[in-house]
Amino acid sequence: MIRETVHALLACVVTFVLCAVAYPLVVLGAGNLLFPDQARGSLIRREGRVVGSTLIAQPFASEKYFAPRPSAAGPNGYAADAAGGSNLATTNPALRERIEAQVKTLRQSSGVKASEPIPVDLVTTSGSGLDPDISPEAARYQAARVAAARGLPVERIAALIDAHVETSGAIIGAPPRVNVLRLNLALDDLPQSH
């Protein structure tokens, strides 16, 4: 009986060391070796400081920048520690009120035609609430506002959007998307007219 107990405990210890220590260390080492950028959070640095991650949305309050999808993180904005969907059903009045408020805000933006349909990803949150990407249509919807705020031709902003459309994953049905942080950083790299 004692020998079986010792063998069982030893098996537990060996399994713990293999599964909870060795395997995670191997995966961490392989990730850092094979995919160092992704393993470190896909951080973007400018002038030696981190300005954001391509994996997590962040707010852009200025009219000079493209806005991401609305956050579901509530009062914490785009805080990653509060990630999660809103879990509001389509029949929930709170969801309808939030979407109507977002539509009203977007309609008041400069350069937007009142009759132009608003892309759904500009008024609804994603499953995580922190989606860093928007559809090309959502980016194009904001192009006139951004162009007006920066004093640039809309055509130049549209060309920048088209240059940042990502289609990886199309073979498995993933829709085209635009990473908001990368697009906004590219905007900052453009020479300004005022």
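Residues are numbered from 1 along each chain as its sequence is written. Because the model is predicted, local features need pLDDT of at least 70 and side-chain atom pairs count only at pLDDT 80 or more, while totals for chains, interfaces and linings use all residues.

Begin by selecting residues 136-150, which form helix H4; helices (H or I, at least four residues) and strands (E, at least two) are DSSP runs, numbered from the N terminus.

Just after the helix, Gly151 takes a positive phi of about 65 degrees.

Now colour H4 by burial, where buried means under 20% relative accessible area with a 1.4 Å probe, protein chains only. Because 11 of its 15 residues are buried, H4 is largely enclosed by the rest of the structure. Among the buried residues are Pro136, Tyr141, Ala143 and Arg150. The elements that the buried residues of H4 pack against, with heavy atoms within 4.5 Å, include helix H3 (93-107) and helix H5 (154-163).

Finally, select Phe60, Ala67, Gln102, Thr105 and Leu106, which lie nearest the centre of the largest pocket among its 18 lining residues. A pocket is an open set of points on a 1 Å grid over the protein atoms alone where a 1.4 Å probe fits, with protein on both sides within 12 Å along at least five of seven lines, and lining residues have an atom within 4 Å of a point. H3 and H4 are the elements that give two or more residues to this lining, and H3 gives the most, with 3 residues.

Methods. Heavy atoms only, no water. Expected span 1.5 Å × (residues − 1). Buried < 20%, exposed > 50% of the residue type's maximum accessible area, 1.4 Å probe, protein only.
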